[in-house]
Amino acid sequence: MEGKRPWEAAQEEFACDHTQTEIRRMTVSNGVQHWVRQCKRCGHNCGSMKREDVPGLVRLNPVPFDEELRQSWQEQRAGRFQQGSART
Ligand SMILES: [Zn+2]
């Protein structure tokens, strides 16, 4: 058997367990604010939180949801998969 296929390696490299999350504030298009947990590594939205479960300190100093982190992770991931599937 040969080693891993490139796309399999890419899949493992970009697999994320979302073990480190941070509470972020997300404002949706109609101006409603949501509190969500965002993975600090890949930017994944790990689900919303009830406002009353958000610690007061976080509410006072809200960190906006990092959409760029999420997008750049996905771009990197897509790029790696393209490399992996490119024929030589
Ligand atoms: Zn993650």
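Walk along the protein chain from the N terminus and the elements come in the order α-β-β-β-α-α. That makes three helices and three strands. Keep in mind that what you're looking at is a predicted model. The radius of gyration of the protein chain is 17 Å, well over the 12 Å that the globule rule gives for 88 residues, so the chain is more spread out than a compact globule. You can see this in the C-alpha trace too, which spans about 55 × 25 × 15 Å along its principal axes.

How much of the protein chain is buried? Buried residues make up 7% of the 88 residues; to count as buried here, a residue needs 20 or more other C-beta atoms within 10 Å of its own. As for contacts, take those with a separation of 6 or more: residues 24 or more positions apart account for 50% of them.

Now for the strands. Strands of a sheet pair through backbone hydrogen bonds, and they can do so either parallel or antiparallel. Here the three strands form an open sheet in the order β1-β2-β3, and the pairing is antiparallel. β1 and β3 (45-49) stand at the edges with a single partner strand each, so one side of each has no neighbour in the sheet. From one strand to the next, the twist averages 35°.

Let's take the two pairings in turn. β1 (residues 21-27) and β2 (residues 33-39) run antiparallel and are joined over seven bridges. If you want a spot to look at, find Arg25, whose bridge partner in β2 is Trp35. Five residues lie between the strands in this hairpin of β1 and β2, and there Gly31 takes a positive phi near 90°. On to the other pairing: β2 and β3 also run antiparallel, with three bridges between them. To find your way there, look for Gln38, which stands opposite Asn45 in β3.

One more residue deserves a stop. Most residues other than glycine have a negative phi. Which way does His18 go? His18 isn't a glycine, yet its phi is positive, at about 55°. You'll find His18 in the loop between α1 (6-13) and β1.

Technical notes
Residues are numbered from 1 along each chain as its sequence is written. This is a predicted model: local features need pLDDT of at least 70, side-chain atom pairs count only at pLDDT 80 or more; totals for chains, interfaces and linings use all residues. Two strands pair if DSSP finds at least two bridges between them. Helices (H or I, at least four residues) and strands (E, at least two) are DSSP runs, numbered from the N terminus. The radius of gyration is taken over C-alpha atoms; the globule rule is 2.2 Å times the number of residues to the power 0.38. A residue is buried if 20 or more other C-beta atoms lie within 10 Å of its own, exposed if 12 or fewer, and partly exposed in between; C-beta atoms are placed from the backbone. Two residues are in contact if their C-beta atoms, placed from the backbone, lie within 7 Å. Axes are lines fitted to C-alpha atoms, for helices over the stretch in contact, and angles run from 0 to 180 degrees between N-to-C directions.
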